[in-house]
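I am opening my notebook on a new structure today. Here is what I want to look at together with you.

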Amino acid sequence: NLSYAIYNGILGTLNHSLWFAAMCAYYIILGTMRFSAILCERKNNDTVSIQTEFFVMKFSGIMLTVLSVVLTGVIYISISQHIAAKYNEIIMITIATYTFGKIAMAIIRAVKQRNNPSPLLATIRSIGYAEVAVSVLTLQRSMLVSFGSMNGANKHILNVATGAAVCLFVLGLGIILLVENRKDK
């Protein structure tokens with residue numbers, strides 16, 4: 001995530017592109033949340049600290065709420081500037097397979113860990129859910145451009161509705177982590 005954030009940041013600077021700058025912010029936030037969870041997990045292997053897990057949960061909840069704002073900006077820019085990648089059929093099938101694989105992994109992880117009360121695992125799952133939601137949005141936008149026979153108005157409505165749902169979903173994940181953090185403490 002950090003490498004991709006740097007790549008988007010460089011492209012944003014070189015091209016004076018708000019789109020790449022927003023994508024840089026998205027990947028920095030995502031990478032920071034993942035890094036904090038991994039760092040906490042490594043520390044937990046040495047010494048178990050529930051307070052550290054709750055701190056990471058709170059931090060990730062805050063970052064997910066910030067991420068929802070960044071995503072709103074990314075979606076607004078992509079819709080207003082008609083930014084969506086158009087791919088050929090084989091690449092779209094590959095992207096769809098990868099996205100549905102991420103969805104399947106998130107579901108499997110949720111089922112396996114449903115009885116585990118660990119705040120760290122709940123945090124990691126929430127980060128994964130947010131990433132999956134954004135992947136579905138990206139897949140939908142690319143599919144509409146690559147295969148879409150819909151008119152422009154219907155595409156716009158579908159992109160706005162899906163974008164709003166993803167932003168609200170990510171915001172909800174952040175709020176849930178903050179509420180759970182407060183309740184469990």
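**Ground rules.** I am working with a predicted model, in which local features need pLDDT of at least 70 and side-chain atom pairs count only at pLDDT 80 or more, while totals for chains, interfaces and linings use all residues. I number residues from 1 along each chain as its sequence is written, and side-chain values use heavy atoms, with hydrogens and water left out.

**Entry 1, the whole chain.** I looked up the helices and strands (DSSP runs numbered from the N terminus: H or I of at least four residues for helices, E of at least two for strands). I found six helices and zero strands, in the order α-α-α-α-α-α. The radius of gyration (taken over C-alpha atoms) is 18 Å, close to the 16 Å that the globule rule (2.2 Å times the number of residues to the power 0.38) gives for 185 residues, so the chain is as compact as a globular protein of that length. I noted a box of roughly 55 × 35 × 30 Å for the C-alpha atoms, along the principal axes. Buried residues (under 20% relative accessible area, 1.4 Å probe, protein chains only) make up 41% of the 185.

Axes here are lines fitted to C-alpha atoms over the stretch in contact, and angles run from 0 to 180 degrees between N-to-C directions. Contact (heavy atoms within 4.5 Å) involves residues including F54, M57 and L64 of α3 and L120, I127 and V134 of α5. By class, I listed 15 nonpolar, four polar and two charged residues. Nonpolar covers Ala, Val, Leu, Ile, Met, Phe, Trp, Tyr, Cys and Pro, charged covers Asp, Glu, Lys and Arg, and the others, Gly among them, are polar.

Helix α4 (residues 89–112) meets α5 (residues 119–147) at about 155°, with axes 10 Å apart. These two are therefore roughly antiparallel (over 145 degrees). Among the contact residues I marked M92, I95 and F100 of α4, and Y129, V132 and L139 of α5. This contact has 13 nonpolar, four polar and five charged residues.

Is N181 buried or exposed? N181 sits in helix α6 (residues 152–184) and is buried, with a relative accessible area of 5%. Leaving out residues up to four places away in sequence, I found N181 touching F54, M57 and K58.

How values were computed: Parallel < 35°, antiparallel > 145°, perpendicular 65-115°, else oblique. Buried < 20%, exposed > 50% of the residue type's maximum accessible area, 1.4 Å probe, protein only.
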